[in-house]
Amino acid sequence: MNHCLPPPGYRFFPTEEELVSFYLPNKLEARRDDLHRVIPVVNVYQHEPWHLPMEAGELCKGDTEQWFFFVPKQEKEVHGGRPSRTTSSGYWKATGSPTYVYSSNDKVIGVKKTMVFYHGKSSTSKKTKWKMNEYRAIKEEPDSTNTCFIPKLQHELSLCRIYVVSGCVRAFDRRPTGLGTYEIGASSSLSS
């Protein structure tokens with residue numbers, strides 16, 4: 001079977017808005033069966049970060065900066081527990097507070113959590129240059145009276161961007177103009 005490879009110079013470089021408003025909902029709702037060519041389903045916690053580029057979708061295999069994966073909910077999470085973010089050689093640790101992802105019309109459409117990979121056991125671990133942005137989509141559901149919609153975080157599947165810190169600002173690091181970083185705290189209106 002002849003797979004169509006991207007032309008020279010092609011790069012898959014989606015914005016956060018595209019990741020959360022197109023790719024993630026289409027996968028969650030099974031509307032597109034071709035997304036695996038760009039973003040495969042991989043439990044990233046079963047792989048060392050430096051092995052993940054080899055697991056990338058066929059249209060992103062040659063990328064040297066970033067790799068994308070749909071990550072299924074872990075069995076622990078299904079039963080209300082916290083996900084395990086350990087690999088055989090280290091662990092992913094959340095850094096900072098989760099932030100909202102905005103659409104181009106300033107609507108909150110998702111949540112982003114940033115993590116750093118630490119090599120070794122927690123007492124003797126060393127921070128690496130491997131980072132991950134974990135995105136979860138928000139879906140508005142009607143309340144019990146059907147008079148308003150309540151934003152609900154979707155946990156069934158997340159979309160992860162894995163990359164190595166390069167020391168320069170990339171397009172996906174920039175925030176939309178006019179929007180500050182709003183950290184999600186106890187006053188958040190999102191239900192989980």
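**Fold order.** I read the elements from the N terminus and got α-β-α-β-β-β-β-β. That comes to 2 helices and 6 strands. I note that the model is predicted.

**Chain totals.** I looked up burial next: 41% of the 192 residues are buried. The accessible surface is about 11,200 Å², with 52% of it on carbon and sulfur atoms. Among contacts with a separation of 6 or more, 64% join residues 24 or more positions apart.

**Core.** I then went to the largest nonpolar core, which has 33 residues. I39 and L159 touch the most other members. At least two residues each come from α1 (16-28), β1 (66-72), β2 (90-102), β3 (108-119), β4 (126-142) and β6 (157-164). β1 gives the most, with 5 residues. I listed the contacts of L159 beyond four places in sequence; among them are L19, Y23, I39, F68, F70 and Y135.

**Salt bridges.** My search of the whole structure returned 6. I looked at three of them.

E29 pairs with R31 at 3.1 Å, N to O. E29 is partly exposed, at 38% relative accessible area.

R37 pairs with E58, closest N and O atoms 3.3 Å apart. Both sit in the loop between α1 and β1, 21 residues apart. R37 is partly exposed at 23%, and E58 is partly exposed at 26%.

R85 pairs with E134 at 3.6 Å between the closest N and O atoms. R85 lies in the loop between α2 (75-78) and β2, E134 in strand β4, 49 residues apart. Buried or exposed? I checked R85 and E134. R85 counts as buried because its relative accessible area is 14%, under the 20% cut-off. E134 is buried too, at 4%. Shared partners join R85, E134 and R136 into one network.

Notes. Residues are numbered from 1 along each chain as its sequence is written. This is a predicted model: local features need pLDDT of at least 70, side-chain atom pairs count only at pLDDT 80 or more; totals for chains, interfaces and linings use all residues. Side-chain values use heavy atoms; hydrogens and water are left out. Helices (H or I, at least four residues) and strands (E, at least two) are DSSP runs, numbered from the N terminus. Buried means under 20% relative accessible area, exposed over 50%, partly exposed in between (1.4 Å probe, protein chains only). Contact means heavy atoms within 4.5 Å. Accessible areas come from the Shrake-Rupley method with a 1.4 Å probe; for residues, only the protein chains shown count as cover. A nonpolar core is a set of buried Ala, Val, Leu, Ile, Met, Phe, Trp, Tyr and Cys residues joined through side-chain atoms within 4.5 Å. A salt bridge is a side-chain nitrogen of Lys or Arg within 4 Å of a carboxyl oxygen of Asp or Glu.
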